[in-house]
Amino acid sequence: MFARAHPNSDVKKLEKLQAITRLTMIRMRDIVWNMKPHGKIWGQLIERLQDQANQSLDLNNIDVELKLSGINRDDQLSADICKHFYLIGKEAITNISKHSNANQLELWFEKNANQFEMTIKDNGTNQFIKDISAKGIGLQNMNERAEDLGAKLKFISNKGFMVMLQIAL
């Protein structure tokens, strides 16, 4: 592109401004969507997290694979479950984007009569997690959100890094 050939050009500045504007729009949509207390459905949660993964990980050349099992995208869910699952998923995706050397991410949603499970797994080596008990702020926030819901949250570092969130229905 012209901007790469001319790094000091106005085009490079415009491309940076465009990226910042795009990110601001995404964040504003997140805020508005999370503020709506009613009318949440599984499909919206899944689409928001898939969009988040695609936008965050595309720059790092990490492919996103979506897997669904037992999910009816039109089923209602509570605003609290939707909000906390989304924010936990978003944090997991952000951590992968920042810290993983992965090239593949699985975003897996599974629902049966008794529980809903969300699993986010990469195939990187995740050198940043030497001791899984030494949690950073993001991991602590994820734990607090899971506790607020009465959900189980697991972090597994083996052949990649996995975040598994389960809640009884």
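The legends below describe close-up views of a predicted model.

Local features are given where pLDDT is at least 70 and side-chain atom pairs count only at pLDDT 80 or more, while totals for chains, interfaces and linings use all residues. Residues are numbered from 1 along each chain as its sequence is written, and side-chain values use heavy atoms, with hydrogens and water left out.

**View 1. Overall fold of the predicted protein, with five helices and five strands.** Along the sequence, the elements follow the pattern α-α-α-β-α-β-β-α-β-β. Helices (H or I, at least four residues) and strands (E, at least two) are DSSP runs, numbered from the N terminus. Of the 169 residues in the protein, 36% are buried. Buried stands for under 20% relative accessible area, exposed for over 50%, and partly exposed for values in between (1.4 Å probe, protein chains only). Accessible areas come from the Shrake-Rupley method with a 1.4 Å probe, and for residues only the protein chains shown count as cover.

**View 2. Aromatic cluster of Trp42, Phe85, Phe109 and Phe116, linked by ring pairs.** The structure has four aromatic pairs. Rings of Phe, Tyr and Trp (its six-membered ring) pair if their centres lie within 6.5 Å; planes under 30 degrees apart count as stacked, over 60 as edge-to-face and the rest as tilted. One of the pairs is Trp42 with Phe116: the ring centres are 4.0 Å apart and the planes stand at 35 degrees, so this pair is tilted. Because Trp42 belongs to helix H3 (residues 42–57) and Phe116 to strand E3 (residues 115–122), the pair ties together parts that are 74 residues apart in sequence. Trp42 and Phe116 are both buried, and the relative accessibility of Phe116 is 0%.

**View 3. The ring pair of Phe85 and Phe116.** The centres of these rings are 5.2 Å apart and the planes are at 50 degrees, so the pair is tilted. Phe85 lies in helix H4 (residues 79–99) and Phe116 in strand E3, so parts that are 31 residues apart in sequence are tied together. Phe85 is buried, and its relative accessible area is 0%.

**View 4. Negative surface patch of Asp80, Glu144, Glu147 and Asp148.** Helix H5 (residues 137–149) supplies the largest share of the patch, three residues. Patches are made of residues with over 30% relative accessible area and no salt bridge: like charges are joined within 9 Å, and nonpolar side chains (Val, Leu, Ile, Met, Phe, Trp, Tyr) within 5 Å. A salt bridge is a side-chain nitrogen of Lys or Arg within 4 Å of a carboxyl oxygen of Asp or Glu. Asp and Glu count as negative, Lys and Arg as positive, and His and the chain ends are not counted. The place of a charge is taken as NZ of Lys, CZ of Arg, CG of Asp or CD of Glu.

**View 5. Gln50 and Leu66, 16 residues apart along the chain.** The C-alpha atoms of the two residues are separated by 7.4 Å. Gln50 is part of helix H3 and is partly exposed, at 24% relative accessibility.

**View 6. Positive phi at Asn61 and at Lys159.** Asn61 is not a glycine, yet its phi is about 55 degrees. Asn61 sits in the loop between H3 and strand E1 (63–69) and is exposed, with a relative accessible area of 62%. Lys159, also a residue other than glycine, has a phi near 55 degrees. Lys159 is found in the loop between strand E4 (152–157) and strand E5 (161–168), and is exposed at 73% relative accessible area.
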